[in-house]
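Here are a few friendly notes to read alongside the model. Take the points in order, with the structure open beside you.

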Amino acid sequence: MRVREKDDRGVVQSVVLFLGVSVLSGALAAGLAIPFAGLAGFTTEKTSETLQDLPQQFDEVPLKQKSTILAADGSLIATLAEQNRVPVKLSQVAPIMQKAMVAIEDDRFYEHGALDLKGTLRALLRNQSEGTVQQGGSSITQQYVKMSLVEKANTPEEVAAATAETYQRKVAELRYAIAVEKEYSKNEILEKYLNLANFGDGAWGIEAASLHYFQVHASQLTLPQAALLAGLVKNPTGYDPTNDMKRAKDRRDVVIRRMLELKVISLSQANSALKTPVIDLTKIRPNKLGCANSKYPFYCEYVVAQLKQNKAFGKNETDAGNYLKTAGLTIRTSLDPKIQAAAQKSINEHSKATDQAIAAITIVEPGTGLVKAMVQNRTYGNKRGQTSYNLNVEKSYAGGYGGFQNGSTMKAFTIAAAIQKGFPLNYKINSPDRIDLSGKKFSTCSGTTSAPSYTPGNSTQNVPVPTMIQAAQKSTNTYFLLLSQQVGLCPIAKIASSLGLYDAQSGGALDQVVSMTLGVGYVTPVQMASAYAAFAARGMYCKPWLVTAIKGPNGKAINAPGADCKQALAPEVADGVNAVLHQVMEPGGTGARLKFGRSDLAGKTGTITDNEAVWYAGYSSKLAAASVVADASLPYRNLIGQTLDGKKMTDASGSGTAGPLWQTAMEGALAYYPTTKFVAPSDKTVRGDVKDLPFVNGMNPEDAANKIRQAGFEVAIAPGTVNSEETAGTVAYTTPRQREGAPEGSTVTIHISNGTQKNQPSTSTTPPATTTKPPGKPPTTINPNCPPWNPKYPNCGGR
């Protein structure tokens, strides 16, 4: 065949003139598969006017290309696409494929211009002899134009207009074809055609079709394979071998015989190809598009939800979603398949998809915010026992569940606020098993708050007058309530906010209520893991980071948000928190049973009222994770009696229920990291920023209180008396002790002597005189160890 070069326009201009001649009207109509009746009323003058009105330029349609989401190691997470397409150069398409396509669709493609006059006349004669439209005369260029117009269409009406069998549309198509032939060479047009064509069964473009049907690249196609694909373009659904194998074979054989007729192949090649089986259905590569077909569907949807919020991809989420499915992007993410596998192993070992309770884990890298793993026991789907909710993320993201009440994991932020205000790590507070905070005022960022009837208690065995470290080890509710009163709720709220905590249901700030330190609002595993990661990173908080790089179809980088980090806490404050929470995982701590390996670990348990959710959040300096087990079906019920790992729970706690999930996941994940240690807190952090306390032992309590107030402290008188060598009715000692000092403005408790010689503090559980609580109507059923006053925040201590 003679190949006409780009500047050899042959009869293009004469064709345009020819179109203006009415005698061509019938031929044109037949050649473009339109009955003569379609030209009724069109005169030569009108035809000429129509041609003059047509645009002189054809704007090439950008190919809709699939985007891919990759894990950190480059492995595939998901393919996003409206059309599964991989554009290739013509040099990457086997020559036999090019020949097959030209032979069956436009055998004179390289010899004619935009319109094949011989083909048109041949179609006319056949259509007239048959009395119906049997054959079209459209060239490959005209077909490319038509496919492009359909590709550009955004609505069903636009698609109908682009495919309408009307005289005006056909003439416009030809005029566009002339413009295309002026702009591009024949080989360029064939390349565009092969990349744009629909090859059936969800495969668009020759490369995607080759991979889909035969698992080979377009450059490796054989004659029978090429003939099958070439035959599909005319009717992608009807000739699809997955729909009708016989019809597909008949069409393939038509292509082979046409190639033989045109002497493109030899007789022996044709006979061999005709005997070849059409396709091996077992080798067809499924078009698994979208997050639903991903190995990590929940993580994938979280990534897509974040990308849709990027205004650079569209003015709204719908536009951004369309862009993601058509722009041919390569999106690299933070997910580490090895760490994900470790987390999934934990979920598999400690829970089942059919459990009544849910279980979820998120693992984050401190110092970067990279979300390394995200797993849950509920599988993705709409069947019974499945869910489309991502139990790890906030409700603001499509599919986000919106979190769970977080219990005593909030105590970590009270510890941080206390250290920041200068409280020493050995700061002591008299912490009986039950205290009366009814009507006691707690300062907030906007004033004060209190609770009308609030007598919270502890849920674990405790030291009567614990230090901050001892209280954290035992998760002593009364200690942390009294500490939060002294520190103030505003500093706690500000630290929690600066570390990424907010209500994952409403999106608002966490409420500053009296029981805040025992848990408040709803938070997610990804929020909690990221917040605790800030302690591991010595106060550097990083927002959860999923998308690490984006490249366009040309391989060029597209700006993507990088790590978003800030120094939310002074390093020495974070060091102090680490020292306190590290002891939680040492002997005597609620997390001691979860300790493993040689790296320093730190963590905190969390349990809410009636055990509706239990948590464990913990970290090394390399990874931080949060695990939760909860009831996720309204109305929320006690976990005890519900199934986890296929068995009914007889107990539910942060350490015993959520803890093993955290431990197995982190032990597997940290196997890929070297041993690490926390930075020891400075002496100043350990000692705190304390002022000297006046010596008041043996003084009249009222005089002692005035003296302490004058020194810059608040005062509380402990109820009852204690054994002391001081005279009965005078001050036996204070908490903190005079030798220990106390932070300015903190509360100093005066203990009254009963006059005995035994200098031992009383173990009385009578509530102390100072403390507080928020308003709310007590529920009819009261858990004796948990705040009963506010059903909205029924959080309990963290075992």
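1. Which residue does a disulfide join to Cys291? The partner is Cys300, with an S to S distance of 2.0 Å; a disulfide here is a pair of cysteine sulfur atoms within 2.5 Å. The torsion about this S-S bond is about -65°, so the disulfide is left-handed. Both Cys291 and Cys300 are buried, where buried means under 20% relative accessible area, exposed over 50% and partly exposed in between (1.4 Å probe, protein chains only).

2. Before going on, please note that this is a predicted model, in which local features need pLDDT of at least 70, side-chain atom pairs count only at pLDDT 80 or more, and totals for chains, interfaces and linings use all residues. Residues are numbered from 1 along each chain as its sequence is written, and side-chain values use heavy atoms, leaving out hydrogens and water.

3. The structure holds 3 disulfides. One of them joins Cys445 to Cys490 (S to S 1.9 Å) and is right-handed, with 95° about the S-S bond. Cys445 is partly exposed at 41% relative accessibility, whereas Cys490 is buried at 12%.

4. Cys542 and Cys565 also form a disulfide, with their sulfur atoms 2.1 Å apart. Its torsion is about 110°, so this link is right-handed. Cys542 is buried at 4% relative accessibility, while Cys565 is partly exposed at 31%.
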